[in-house]
Amino acid sequence: MEHEKQGFVSKYIFSFDHKMIGKQYFTLAMSMGFIGGILAVLIRLQLGFPSQPWPFLENLFPVGMASGIMTPEFYVSLFTMHGTIMVFFLLSLLPVSGFGNFLIPLQIGARDMAFPFLNMLSFWTVVPGAIIIIISFFVEGGAAASGWTAYPPLSAIRSAIPGSDLGQTLWLVGMIFFVASFTMGGLNFVVTILNLRTKGLRMMRMPLTTWAQFVVGILGLLSFPALAAGALLLTFDRSLGTSFFLPAGIFIGDTLMPHEGGTPLLWQHLFWFLGHPEVYIIMLPAMGFTSDILATFCRRPIFGYRSMVYAIMAIGTLSFLVWGHHMFVSGMSPFLGSLFVVTTLAIAIPSAVKAFNWLFTIARARIQFTSASLFGLGVVSLFVTGGLTGIFLGTNAVDIQLHDTYFVVGHFHFIMAGAGLFGAFGAVYYWYPKMFGRMLSERLGKIHFWITFVAYYAVFFPMHYLGVSGMMRRIYDPNVYEFLQPLQPVNLFITIAAFVLFAGQLIFIYNYFVSMRRGAPATANPWNAAGLEWSTPAYPGHGNWEGEIPPAHRWPYDYSEPGKKRDFTPQWEA
Amino acid sequence: MADEPKGSRGSLQGIAMAVVIWAIVVLSSLYYVRYGVPELASDRGYLDSLYYVILGITGAAYILYQLALGYVIYRYRGDRPGAESSYWHESHKLELTWTIGTAAILIPIVFTGLIYWERVRGPAPEDAVTVMAVGAQFQWDFHYPGADGEFGRFDPTLYAIDNQIGLDETDPAAADDWVLTNQLVIPVNRPARILMRSKDVQHAIFLPNFRVKQDLVPGMTTEVWFTPVKTGSYEVACAELCGLGHYRMRAFLEVMEEADYRQWLSDNAPAAVADAGEPAADAPPASAE
């Protein structure tokens with residue numbers, strides 16, 4: 001397969017090369033993640049120091065922080081956009097669209113994705129979505145302010161909150177762009193993995209990262225259309241006067257709304273039908289990265305490969321049957337709630353399988369401590385911590401008290417955000433040499449890890465204390481409630497830890513960009529890893545392999561095989 | 001290995017990782033004990049028991065797993081003398097053990113949870129005091145049905161400054177109805193049934209001391225019931241984002257002795273008591289025997 005010579009535009013902008021598209025997604029996701037992080041810092045600023053004036057911030061946010069004090073409506077926009085940006089534009093784009101595109105062809109031995117044009121199109125579809133989301137901060141009324149879950153009527157009726165005006169419209173338009181892009185990507189993943197595997201690469205010889213991306217592609221294809229439908233119907237309710245989500249009798253701002261016949265619960269069902277698989281769209285790639293990274297740096301095959309694959313499939317399937325656990329106290333039928341308890345807690349079983357398989361991969365190993373392996377070990381720790389708190393929330397009787405409290409915030413920041421983020425960091429440290437032909441600084445990487453790991457626990461573990469004590473989510477000033485006032489020291493502690501956590505990420509950003517030019521040149525296989533992607537040149541060009549695509553003779557986890565001279569046997573060696 | 005990644009086998013990292021994980025486990029667990037659920041004032045103590053059972057099981061799993069993780073990281077760090085890794089990567093016996101083991105631990109939790117859920121969400125007892133909570137940006141109105149035990153009709157076109165709940169005064173059932181804003185008063189040791197509806201967006205009533213939380217959904221009437229077992233004044237919170245004033249949508253729940261409650265009723269809502277003769281007339285006959 002011949003590849004034409006590329007000019008600047010076709011190489012860096014409208015590129016068809018899956019690696020370049022992956023890196024484009026990276027740049028976009030990291031920029032969005034940086035903005036999402038700043039929003040988090042502002043949220044914590046308010047919760048740590050409720051309603052204190054910060055005069056210098058007035059220059060940056062003349063409306064939201066007029067005279068330096070954060071307004072409640074700005075606070076609501078902050079956490080709405082923090083959630084939206086982090087869930088969709090960082091944690092979905094980076095591990096799935098970024099690493100999926102970059103890694104799938106390399107790991108399965110393909111020259112490119114099945115549909116390179118669609119791939120380019122999917123990136124250039126999400127870019128306007130991201131721009132629209134950012135622009136929404138600067139419109140009249142500010143950015144969307146109905147939570148990342150956008151529950152109507154708050155999100156449907158313009159006078160319900162300032163952000164529900166133009167900000168919410170832009171949010172919906174941005175999300176529709178995102179969904180369009182993501183479904184194109186998902187289709188490409190599934191078709192590529194099913195059709196373009198190199199000779200000898202049976203499905204059960206694929207790396208767990210590719211397995212995860214395969215299931216994620218299917219999940220995205222089946223779940224995101226529900227959000228697209230919901231977003232479209234909500235746009236109709238907002239702009240065309242329909243009533244899909246709005247019943248009769250809504251009275252806001254001295255006006256009786258003309259709607260009738262809809263129900264807000266319909267939105268919740270549509271949203272969470274996406275929302276829960278979305279959690280696993282974020283989680284599964286991180287699980288895949290962790291498995292690949294741990295095997296390489298433990299110099300040991302991944303323990304229980306088969307059950308890992310089945311666990312990915314089981315989690316993927318179950319993820320479609322659990323959305324109602326977000327709605328135990330929503331007014332949904334209590335009988336339905338009971339059904340969702342059973343399916344929800346069933347997910348704990350494949351999750352436990354993964355946790356134990358990782359533990360047994362680490363046991364009897366010879367662990368090399370690189371930045372990548374430290375983040376991989378971090379995923380294991382965070383995954384277990386966050387997974388266990390899910391048992392409280394999945395049990396509907398106990399969820400009554402903990403629902404919509406900081407317990408939930410702590411829970412999903414460990415399991416979804418935490419494991420997802422640490423997985424992505426590990427993956428960057430691990431595959432960076434293939435991306436840029438240079439090594440990241442290990443010294444900075446380790447400093448980054450230690451700050452991130454300790455600060456992450458310091459920020460999110462105490463949130464469980466807040467939740468158990470009853471502190472609700474999404475409140476601008478907890479001190480309004482007497483029973484929450486004693487918790488102010490905990491909030492202050494979390495805020496300080498959050499500042500440290502954010503500062504730690506600057507080290508990563510510096511390392512990432514400076515190493516692109518100044519990093520030590522990478523060899524083709526710097527970690528002595530066995531996966532097929534390491535058979536490419538140190539800095540693979542368009543088409544990935546210079547000669548023939550190597551066939552796969554084995555699975556990618558042959559480390560420390562007895563009787564071999566080296567402690568790894570590459571997948572492409574007979 | 002000559003070409004091993006530089007500095008990657010430093011024992012410091014492995015030991016540090018183990019120590020940090022152990023320290024996190026110890027500190028996070030010790031501090032957990034200091035933060036308990038808010039003081040219980042309802043009959044829903046069994047939900048707390050289940051919470052503590054799950055806390056015990058997951059807490060033990062958390063501590064054991066993280067300690068084990070720290071241990072294997074320490075024990076199998078790459079630079080230990082005679083370091084070798086094993087090719088062993090499959091054990092059906094082990095995998096079956098932890099699959100079945102996890103399921104075996106979860107099944108009793110699931111069933112206990114479902115039984116308790118049934119108890120919580122089952123129909124309210126006949127003798128319950130019934131109040132309709134009306135949520136609005138950003139206040140709570142508690143609508144009492146009065147002596148007839150029936151709520152007057154409401155009509156959204158009647159919402160006004162002096163008629164926050166849109167009560168239709170022409171409905172005979174509305175004659176003895178009355179409304180409290182941001183204050184709910186109920187007698188102790190008698191089931192309280194709270195119906196709820198929203199005037200505008202979604203809200204959620206959260207009674208932290210009573211283990212009660214339920215969303216208010218426009219266009220629907222939702223409900224909860226519980227029995228307060230302790231007198232006193234408690235905070236009522238909104239737990240579902242409802243707008244810029246969500247954080248200050250607060251009310252108070254007063255739980256009174258039955259006698260004080262009757263006194264309070266006749267002091268504050270004479271109309272509601274006047275026609276009823278005995279205020280307890282809405283209680284069912286003591287026994288059918």
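In the predicted model, helix H9 of chain A meets helix H15 of chain A through Val279(A), Ile282(A), Met283(A), Pro285(A), Ala286(A), Phe289(A), Thr290(A) and Ile293(A), which face Met416(A), Ala419(A), Gly420(A), Gly423(A), Ala424(A), Gly426(A), Ala427(A) and Tyr430(A) in H15(A). By class, the residues of this contact between H9(A) and H15(A) comprise 12 nonpolar, 4 polar and no charged. H9(A) spans residues 264–298 and H15(A) residues 406–436, and the two pack with their axes 8 Å apart at an angle of about 40°. Because of this angle, H9(A) is oblique to H15(A). The crossing of H9(A) and H15(A) is left-handed.

On the H12(A) side, the contact involves Ala348(A), Ser351(A), Ala355(A) and Trp358(A), and on the H13(A) side Val380(A), Phe383(A), Val384(A), Gly387(A) and Ile391(A). The residues of the contact of H12(A) with H13(A) divide into 7 nonpolar, 2 polar and no charged.

Between the chains, 98 residues from chain A and 91 residues from chain B take part in the contact. On the side of chain B that touches chain A, the elements that give two or more residues are the helices H1 (11–34), H2 (45–75) and H3 (92–121), together with the strands S6 (203–207), S7 (212–216) and S9 (232–238) of chain B. H3(B) provides the largest share of that side, with 14 residues. In terms of class, the side of chain B that touches chain A has 50 nonpolar, 24 polar and 17 charged residues.

Strand pairing was also examined in chain B. Strand S5 of chain B (residues 192–198) pairs with S8(B) in the antiparallel sense, over 5 bridges. Within this pairing, Ala192(B) stands opposite Phe226(B) in S8(B). The side chains alternate along S8(B), which covers residues 222–226. Phe226(B) points to one face with Thr222(B) and Val224(B), and these residues are buried.

Methods: Residues are numbered from 1 along each chain as its sequence is written. Chains are lettered from A and ligands numbered from 1 in the order in which they are written. This is a predicted model: local features need pLDDT of at least 70, side-chain atom pairs count only at pLDDT 80 or more; totals for chains, interfaces and linings use all residues. Two residues are in contact if their C-beta atoms, placed from the backbone, lie within 7 Å. Helices (H or I, at least four residues) and strands (E, at least two) are DSSP runs, numbered from the N terminus. Ala, Val, Leu, Ile, Met, Phe, Trp, Tyr, Cys and Pro count as nonpolar, Asp, Glu, Lys and Arg as charged, and the others, Gly among them, as polar. Axes are lines fitted to C-alpha atoms, for helices over the stretch in contact, and angles run from 0 to 180 degrees between N-to-C directions. Angles under 35 degrees count as roughly parallel, over 145 as roughly antiparallel, 65 to 115 as roughly perpendicular and the rest as oblique. A crossing is left-handed if the near helix is turned anticlockwise from the far one by less than a right angle, and right-handed if clockwise. A residue is buried if 20 or more other C-beta atoms lie within 10 Å of its own, exposed if 12 or fewer, and partly exposed in between; C-beta atoms are placed from the backbone. Two strands pair if DSSP finds at least two bridges between them.
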